[in-house]
Amino acid sequence: MSIRLFLVSLLAALSMPSLAAEYVIDSTHTYASFEIDHMGFSTQRGRFNRTSGKVSFDEAAAGGSIDIRIEAASLDTGFALRDDVLRGEQWFNAASFPDVLFRSQRFVFDGARPVAVEGTLMLLGEIRPLRLEISRFKCGFNLLLRQRGCGADAQGVLRRSDFGMNTGLPFIGDEVRLRIQVEAYQSGS
């Protein structure tokens with residue numbers, strides 16, 4: 001290959017916009033969980049068993065997007081009576097607001113590694129900003145599934161009263177730690 005052809009090919013490749021890889025969330029490996037203070041005695045935990053969504057990631061452009069849908073009715077604290085109360089009108093009101101949504105606005109990078117994602121959380125019809133700190137991140141080929149995927153562990157803190165969830169205040173904490181573990185895979189790969 002001549003040097004001229006090489007330079008033309010290189011310039012063409014550099015001028016092409018980078019393409020983000022598209023991934024579909026694997027609901028069997030993606031869970032949102034929460035922690036909340038219970039009257040100063042303990043930290044109560046729960047999780048949501050059903051999630052869906054998509055991830056777009058462009059490592060070269062240090063960007064992408066995340067769209068995660070969490071089914072409020074899938075709330076699980078390990079105690080059925082409490083779960084029914086939490087799904088009810090005074091808490092998550094899952095009948096009227098079936099989805100909790102996180103939508104990213106931008107990734108924050110430290111070099112080539114994403115360290116946070118800033119976006120919005122919609123809960124009980126209210127939308128508020130939320131930053132999730134990323135503690136683990138990996139993209140690669142999953143040998144078992146034979147698909148390319150990305151995964152991450154992320155967490156953020158929100159005030160439930162900002163979303164109108166005031167039941168039990170101040171005895172049950174206002175500050176909630178939200179953790180999301182996610183795996184997503186390219187469809188058709």
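In which strand is the place of arginine 106? Arginine 106 belongs to strand E7, which covers residues 99–110. The model described here is predicted. Its chain contains two helices and eleven strands, and 37% of its 189 residues are buried. This briefing begins with the overall fold and then turns to individual residues and pairs.

**Overall fold**

- Along the sequence, the elements follow the pattern α-β-β-β-β-β-β-α-β-β-β-β-β.
- Of the contacts between residues at least 6 apart in sequence, 52% join residues at least 24 apart.
- The chain exposes about 11200 Å², and carbon and sulfur atoms supply 56% of that area.

- Arginine 106, in strand E7, is partly exposed because its relative accessible area is 44%, between the limits of 20% and 50%.
- Leaving aside neighbours within four places in sequence, arginine 106 is in contact with Ala116, Val117 and Glu118.
- The C-alpha atom of arginine 106 is separated by 8.9 Å from that of isoleucine 66, a residue 40 residues apart from it along the chain.
- Arginine 47 is found in strand E3, residues 42–48, and is partly exposed with a relative accessible area of 34%.
- Between the C-alpha atoms of arginine 47 and serine 33 there is a separation of 3.9 Å, although these residues are 14 residues apart along the chain.
- Residues up to four places away in sequence not counted, arginine 47 touches Tyr31, Ala32, Ser33 and Phe34, as well as Ser74, Leu75 and Asp76.

**The disulfide**

- The whole structure holds one disulfide, and this bond joins cysteine 139 to cysteine 150 with an S to S distance of 1.8 Å.
- The two cysteines lie in distant parts of the chain, eleven residues apart: cysteine 139 is in strand E9 (residues 126–142) and cysteine 150 is in strand E10.
- The torsion about the S-S bond of cysteine 139 and cysteine 150 is about 105°, and the disulfide is therefore right-handed.
- Cysteine 139 counts as partly exposed at 22% relative accessibility, whereas cysteine 150 counts as buried at 9%.

**Aromatic pairs**

- The structure has seven aromatic pairs.
- One of these is the edge-to-face pair of phenylalanine 57 and phenylalanine 107, with 5.8 Å from centre to centre and 70° between the planes.
- This pair links distant parts of the chain, since phenylalanine 57 is in strand E4 (residues 51–58) and phenylalanine 107 is in strand E7, 50 residues apart.
- Both members of the pair are buried: phenylalanine 57 has a relative accessibility of 7%, and phenylalanine 107 has one of 8%.
- Phenylalanine 107 also pairs with phenylalanine 109; the ring centres are 6.2 Å apart and the planes stand at 55°, so this pair is tilted.
- Ring pairs link Phe57, Phe107, Phe109 and Phe137 into a cluster.

**Salt bridges**

- The count of salt bridges comes to 13.
- Among them is the bridge between the side chains of aspartate 67 and arginine 103, with an N to O distance of 3.3 Å.
- Aspartate 67 lies in strand E5 (residues 63–71) and arginine 103 in strand E7, so their bridge ties together parts that are 36 residues apart in sequence.
- Arginine 103 counts as partly exposed, at 42% relative accessibility.
- A salt bridge also forms between glutamate 126 and arginine 128, whose closest N and O atoms are 3.2 Å apart.
- Glutamate 126 is partly exposed at 31%, and arginine 128 is partly exposed at 30%.
- Glutamate 133 and arginine 131 meet through their side chains in a salt bridge of 2.5 Å, N to O.
- Glutamate 133 has a relative accessible area of 37% and is partly exposed; arginine 131, at 34%, is partly exposed as well.

**A nonpolar surface patch**

- Met39, Phe41 and Phe171 form a nonpolar patch on the surface, and together they have about 410 Å² of accessible area.
- Phenylalanine 171, a member of this patch, is placed in the loop between strand E10 (147–159) and strand E11 (172–185).
- Phenylalanine 171 is exposed because its relative accessible area, 57%, is over 50%.

Definitions and conventions
Residues are numbered from 1 along each chain as its sequence is written. This is a predicted model: local features need pLDDT of at least 70, side-chain atom pairs count only at pLDDT 80 or more; totals for chains, interfaces and linings use all residues. Side-chain values use heavy atoms; hydrogens and water are left out. Patches are made of residues with over 30% relative accessible area and no salt bridge: like charges are joined within 9 Å, nonpolar side chains (Val, Leu, Ile, Met, Phe, Trp, Tyr) within 5 Å. Accessible areas come from the Shrake-Rupley method with a 1.4 Å probe; for residues, only the protein chains shown count as cover. A salt bridge is a side-chain nitrogen of Lys or Arg within 4 Å of a carboxyl oxygen of Asp or Glu. Helices (H or I, at least four residues) and strands (E, at least two) are DSSP runs, numbered from the N terminus. Buried means under 20% relative accessible area, exposed over 50%, partly exposed in between (1.4 Å probe, protein chains only). Contact means heavy atoms within 4.5 Å. A disulfide is a pair of cysteine sulfur atoms within 2.5 Å. Rings of Phe, Tyr and Trp (its six-membered ring) pair if their centres lie within 6.5 Å; planes under 30 degrees apart count as stacked, over 60 as edge-to-face and the rest as tilted.
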